[in-house]
Amino acid sequence: VGPALRGDFDGSAFTIHNSEKDLRYVVQALGEVSPSVARAAHAVLLRRVEQGYGDAFVSRMLDLPPLKP
């Protein structure tokens with residue numbers, strides 16, 4: 001997180017799309033017992049993928065425009 005806070009968004013080489021996929025699997029596996037925070041985090045990642053940011057690194061999310069409700 002430190003490098004991203006200084007503007008270096010390439011330190012974490014894990015894409016938003018891969019994060020969304022992994023969290024989707026967790027939420028699906030847990031079903032109804034999935035923690036609400038996991039479902040909320042997945043929803044944010046999915047929206048970023050839908051907006052075309054899927055190939056960006058997760059740390060780039062700190063530099064993206066805020067999501068609108």
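**Exercise 1. Characterise the salt bridge that Glu20 forms with Arg24.**

Solution. Glu20 and Arg24 are joined by a salt bridge whose closest N and O atoms are 3.0 Å apart; the term denotes a side-chain nitrogen of Lys or Arg within 4 Å of a carboxyl oxygen of Asp or Glu. The model is predicted: local features need pLDDT of at least 70, side-chain atom pairs count only at pLDDT 80 or more, and totals for chains, interfaces and linings use all residues. Residues are numbered from 1 along each chain as its sequence is written, and side-chain values use heavy atoms, with hydrogens and water left out.

Next, consider position. The two residues lie 4 residues apart in helix α2, so about one helical turn separates Glu20 and Arg24. Helices here are DSSP runs (H or I, at least four residues), numbered from the N terminus.

Finally, consider accessibility. Glu20 is buried because its relative accessible area is 4%, whereas Arg24, at 26%, is partly exposed. Buried means under 20% relative accessible area, exposed over 50%, and partly exposed in between (1.4 Å probe, protein chains only).

**Exercise 2. Determine which residues Glu20 contacts beyond its neighbours within four places in sequence.**

Solution. Contact requires heavy atoms within 4.5 Å. With those neighbours set aside, Glu20 is in contact with His42, Leu45, Leu46 and Val49.

**Exercise 3. Describe the packing of α2 and α3.**

Solution. First, the geometry: α2 and α3 pack at an angle of about 145°, and their axes are 9 Å apart. Axes are lines fitted to C-alpha atoms, for helices over the stretch in contact, with angles from 0 to 180 degrees between N-to-C directions.

**Exercise 4. Identify the largest nonpolar core and its sources.**

Solution. A nonpolar core is a set of buried Ala, Val, Leu, Ile, Met, Phe, Trp, Tyr and Cys residues joined through side-chain atoms within 4.5 Å. The largest has 7 residues, namely Ile16, Leu23, Val27, Ala38, Leu45, Ala56 and Leu64. Two or more residues come from each of α2 (16–30) and α3 (36–53), and α2 provides the largest share, 3 residues. Leu64, a member of this core, is in contact with Ile16, Arg48 and Tyr53, leaving aside its neighbours within four places in sequence.
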